[in-house]
Amino acid sequence: MPHSRSDIIDREEELQTLAGLLDGPGAKLALVTGRRRVGKTYLLARAWPEESTFIFTATQTTPEQNRRQLVEDLADWSGEDLRPEDYPTWRSVFDLLWRVRSPEPLVVVLDEFQYLGAGGSGLAEVASAINATFERVKAARPFVLVMSGSAVSTMESLAAGGAPLYGRLTTHLRVRPLTPYDAAAFVRDWGLRERAAGYGVLGGTPAYWATLSPYLDLRSNVARHLLSPQGTLRIQLESLIAQEEGLGDPAAYNAIVRAVAAGATTRPRIADSTGLKADASLVRRLDRLVEVGLLEVVDVIGRGAKEPVRYRVADPALRFFHVFVTPYASLLERADPLDVYDQVVAPRLDTYMGLEFERFARFTYDRLAVTRGLPLVQRWSRWEGRDRDGRSIEVDVVAPMVDGGVMTGSVKFSRAPVGSQVFYDHLDALRRAADAGQRWAHEALNGGPILFLSAAGFEERFVDTARGYGGRVITWSLEDVYAAQ
C-alpha cells in the first residue's frame with residue numbers, strides 16, 4: 001500500500017524523481033539534503049510503497065549505538081532474526097542491507113545520515129563502507145539506498161571530488177523551502193495580503209505552515225503560535241540554533257542572528273552589537289551560520305574586494321522571532337499576545353515586510369518566466385552604495401540576464417497603489433549609479449527590462465508612464481504573485 005501523497009504541497013517533481021529510482025533494475029545511491037523542517041523525511045516517507053521502504057532515523061548519539069539500533073529496527077521491520085552483535089562493522093551492516101528481502105524491490109532510507117559517523121572523518125568511513133560494499137552488489141533487483149541529512153555542507157562533501165561517494169550517486173536532491181505561491185496552499189481562505197505577510201513571518205518551512213489553523217487569521221495564528229510563551233513555533237525557534245549540528249556556542253550564535261535581524265548587517269556592526277570580537281572567530285561563526293542556512297550573504301552586484309560583506313537572516317521565521325519575540329520576552333510573559341500583536345507587531349509589520357518582499361520578485365519571476373515568455377535571469381542580486389555626491393542609493397533588484405542585458409526593479413509592500421514618482425525615482429537611482437561608475441547601471445539604462453512589484457498595485461499615472469517605455473516595464477501586484485500558471 002503506497003503512502004498517501006494527497007497532503008504534500010509542491011513536491012511533485014521531487015516525488016517523481018524519487019519514485020523513478022525504483023523503476024529500473026540494479027542498485028542506486030541517492031543523496032537528499034535540506035535544512036531542518038523543510039520536509040525531507042515527510043517526502044521520503046511518501047515517495048515509495050510503504051511495504052518496500054525501510055526508514056531508519058539516526059539520532060545524535062554514538063555511531064555504535066546508531067549501528068546497533070539500525071540492525072534492531074531492520075529486524076523488526078523485516079521479520080528476520082537479526083542481532084546487532086553479528087554485524088559489528090558498518091561494512092557488515094551494508095552487506096546486510098544489500099541482501100535483505102532479496103529479490104524483492106527495496107528502498108532503504110538512512111535519515112539524519114550525518115549522525116552515523118563521529119565527525120567528518122568518521123562519516124567518510126561510513127561512506128567508504130557503502131562504496132566498498134556497493135562494488136560487490138550483483139543483484140539485479142531494484143534497490144535504492146538514500147542518504148538524507150540536514151547538515152547540508154557535511155552531507156554534500158561526501159559526494160565532492162575525491163570523496164568516497166564521488167561519481168556514485170544516481171540522484172542528488174536538494175529539498176528547498178516552499179515559495180510564497182506554494183505556501184499559500186496551507187491557508188487558502190486568507191486574502192492575498194495576509195498570505196504574503198504570512199510568508200514574511202514564516203518563510204517557506206512547511207512544518208511551520210502546517211502548525212497554523214487555516215480557519216484563524218494571521219493575527220490570531222501569530223499571537224497563538226509565535227508570541228505566546230507556550231506557542232508551538234516559538235518553542236521551536238527558541239531551540240533552533242541549539243539543535244543545529246556543529247554550533248557549539250548557542251549563546252554567541254543567537255546573539256549574531258539577533259544582531260543581523262535588528263539591522264547589523266556587516267561584521268563590524270555585528271561585533272559592536274553583540275560584544276563579540278571582530279576577529280577570525282566571528283568570521284568562522286558567520287560562515288557556519290551561512291553553511292547551515294540560517295544566514296545568507298546578500299548578493300550585492302559589483303561589490304569590490306574592500307567593500308564589506310553584508311548578511312541577512314535567511315529564514316524569515318527566525319528573523320521575525322528576533323525582531324518581535326526576543327526583545328519583548330518580558331512583556332509577553334505578562335501581556336495578552338493579541339494585545340502585543342496589535343500594539344507592537346501590526347504597526348511595524350509593513351516596514352518589516354519591505355525586506356522580505358524583495359524575495360517575492362525572484363520567486364514570482366522564476367515561476368512565471370516560461371508561461372509569460374520572460375527572458376531568463378542569470379543571477380538575482382541588488383545594489384546599495386553612494387553616488388558621486390555621497391548620497392546613498394539602493395536598487396532592490398539587479399538581475400543580469402542570460403541574453404546579456406540587465407533587469408532592474410523596485411519592490412514596495414505598500415498599502416496604497418504606488419504612483420509614478422516611484423518610477424522616476426528608480427530611473428534617477430540608475431542614472432546616479434551609472435554616473436558613479438557602475439557598469440551594470442549603464443547596461444540597465446540601455447534598454448534593460450524594469451520590474452516593479454507593488455503589493456497594492458499601481459496608480460493610473462504609473463501605468464501611463466510605464467506604457468511610454470514599451471514592453472520594457474513589468475508591473476506586478478499580489479494578483480500576479482498568487483496567479484496560477
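Helices (H or I, at least four residues) and strands (E, at least two) are DSSP runs that are numbered from the N terminus. With elements named in that way, P103 is placed in the loop between α4 (90-99) and β3 (106-111). The model is a predicted one, in which local features need pLDDT of at least 70 and side-chain atom pairs count only at pLDDT 80 or more, while totals for chains, interfaces and linings use all residues. Residues are numbered from 1 along each chain as its sequence is written, and side-chain values use heavy atoms, with hydrogens and water left out.

The peptide bond that joins S102 and P103 is cis, with omega about 10°. R101, which is found in the loop between α4 and β3, has a positive phi near 55° although R101 is a residue other than glycine. For exposure, buried means under 20% relative accessible area, exposed means over 50%, and partly exposed lies in between (1.4 Å probe, protein chains only). R101 counts as partly exposed because its relative accessibility is 25%. E112, in the loop between β3 and α5 (119-134), also has a positive phi, near 50°, in a residue other than glycine, and at 13% relative accessibility E112 counts as buried.

W383 stands opposite V395 in β9. The hairpin has 5 residues between its strands, and G390 takes a positive phi near 85° there.

**Salt bridges**

A salt bridge is here a side-chain nitrogen of Lys or Arg within 4 Å of a carboxyl oxygen of Asp or Glu, and a search of the whole structure finds 27 of them.

| Salt bridge | N to O distance |
|---|---|
| D299 and R379 | 2.5 Å |
| D396 and R382 | 3.5 Å |
| R432 and D428 | 3.6 Å |

R432 and D428 are 4 residues apart in helix α19 (residues 420-435), so they are separated by about one helical turn. R432 counts as buried at 16% relative accessibility, whereas D428 counts as partly exposed at 34%. Salt bridges that share partners also join R310, E358, R382, E384, E394 and D396 into one network.

**A negative surface patch**

E72, D76, E85 and D86 form a negative surface patch. Such patches are made of residues with over 30% relative accessible area and no salt bridge, like charges being joined within 9 Å and nonpolar side chains (Val, Leu, Ile, Met, Phe, Trp, Tyr) within 5 Å. D76 lies in helix α3 (residues 63-78) and counts as exposed because its relative accessibility is 65%.

Key. Two strands pair if DSSP finds at least two bridges between them. Accessible areas come from the Shrake-Rupley method with a 1.4 Å probe; for residues, only the protein chains shown count as cover. Lys and Arg count as positive and Asp and Glu as negative; His and the chain ends are not counted. The place of a charge is taken as NZ of Lys, CZ of Arg, CG of Asp or CD of Glu.
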